[in-house]
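Here are my notes on the model you sent. Please read them with the structure open.

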Amino acid sequence: MRTVVVFSGAGLSAESGIPTFRDSNGLWENHKVEDVAHPSGWAKDKNLVLKFYEQRYNAVKKAVPNPAHEAIAKLQEKFNVINLTQNIDDLLERAGCNDVRHFHGSINKRKCEWHQSCSMLQGDTRYICDVSETHEVPIKLGDLCPKCGGQMRPDVVWFDEPVAFEFESIKDLVKEVKYNKGVFICVGTSAQVHPAAALIPLFVQVPEKYIIDPNARRIGNYTMIQGKAGEKLPELVEKLTK
Ligand code: OAD
Ligand code: ZN
């Protein structure tokens, strides 16, 4: 089976009613990004951060997959489909996608606030814990890690935190797609934030590749498809599966 890699950003879920970041003037639900999606915001006011993610958790829970998510799931009938997504929602999974890799973590998971420190403080057993689990209720102040007593936080990547991904594995993926004559589709990302900014040029080596976005900027020799994901992705999938 040929491989299709779909690299997605906030635009993929826009038509499900989840707003993108760049469309809201650097504010996120009226909060400054550094107050709610940065370690410094967490240090300053954990309660505010938890409330913010509770709102986002509830918004995701109410949202449903749109025709773009469904089209990607349909591709699985003919291709080996790998999703690399910057989105923390689970709409791809709910549409039926089997292989979804979240660069920026997942709103449905939580982890210990010291989790990040584990790798930085190797040998320090105080912080050796790896608590990442699916939870059904938003996190409250006082929900503590059973191993070290750290406050639980959403398992999402904040600004200035490392992405949950090995760049080397992406290079292997590029090779695989290139050699089995696969397809690369980039959808709904402004490609301004790492790793998106670095990842798209990596796939330039793949012969068949597309960018779908209403504000698509030309990158290398990508085929540009100007428009909404919910419209353009089903059309592309139709063409690829014919
Ligand atoms: P952005 O908000 O930066 O970009 C959204 C992109 O989606 C833009 O290029 C829009 O033109 C496009 N778009 C809007 N509506 C669309 C639609 N209906 N169909 C297709 N595309 C549409 O979002 P990301 O690129 O995902 O990071 O942002 C990357 C990261 O920056 C996010 O994961 C988040 C953010 O701050 C963290 O949380 C660490
Ligand atoms: Zn812990």
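1. Terms and ground rules. Helices (H or I, at least four residues) and strands (E, at least two) are DSSP runs, numbered from the N terminus. This is a predicted model, in which local features need pLDDT of at least 70 and side-chain atom pairs count only at pLDDT 80 or more, while totals for chains, interfaces and linings use all residues. Residues are numbered from 1 along each chain as its sequence is written, chains are lettered from A and ligands numbered from 1 in the order in which they are written, and side-chain values use heavy atoms, with hydrogens and water left out.

2. Overall picture. The protein chain has ten helices and eleven strands. Of its 242 residues, 48% are buried. Buried means under 20% relative accessible area, exposed over 50%, and partly exposed in between (1.4 Å probe, protein chains only). Contact means heavy atoms within 4.5 Å. Among contacts with a separation of 6 or more, 65% join residues 24 or more positions apart.

3. Two cores. A nonpolar core is a set of buried Ala, Val, Leu, Ile, Met, Phe, Trp, Tyr and Cys residues joined through side-chain atoms within 4.5 Å. The largest one has 24 residues, and Ile 72, Leu 75, Ile 185, Leu 233 and Leu 240 have the most contacts inside it. Two or more residues come from each of strand 1 (3-8), helix 5 (67-75), strand 9 (183-187), strand 10 (208-213) and helix 10 (229-241). Another core, of 21 residues, lies apart from it and includes Ile 82, Ala 191, Phe 203 and Tyr 222.

4. Ile 72. Look beyond its neighbours within four places in sequence. Ile 72 then touches Val 6, Leu 12, Val 81, Asn 83, Leu 92, Cys 97 and Leu 233.

5. Helix 10. Its buried residues are Ala 229, Gly 230, Leu 233, Leu 236, Val 237, Leu 240 and Thr 241. The buried residues of helix 10 pack against helix 1 (11-14), helix 5, strand 9, strand 10 and strand 11 (223-226).

6. Aromatic pairs. Rings of Phe, Tyr and Trp (its six-membered ring) pair if their centres lie within 6.5 Å; planes under 30 degrees apart count as stacked, over 60 as edge-to-face and the rest as tilted. The count is six pairs. Tyr 53 and Trp 158 make a tilted one, at 6.4 Å centre to centre and 40° between the planes. Tyr 53 sits in helix 4 (residues 46-62), and Trp 158 in the loop between strand 8 (152-156) and helix 8 (167-179), 105 residues apart. Both are buried. Trp 42, Phe 52, Tyr 53 and Trp 158 form one aromatic cluster.

7. An edge-to-face pair. Phe 184 and Tyr 222 are 6.1 Å apart centre to centre, with 65° between the planes. Phe 184 is in strand 9 and Tyr 222 in the loop between strand 10 and strand 11, so the pair ties together parts 38 residues apart in sequence. Phe 184 is buried at 0% relative accessible area, and Tyr 222 is buried at 2%.

8. Positive phi. Asp 160, not a glycine, has phi near 75°. Asp 160 is in the loop between strand 8 and helix 8, and is exposed at 69%. Ala 191 has phi near 55°. Its place is the loop between strand 9 and helix 9 (196-202), where Ala 191 is buried at 12%.
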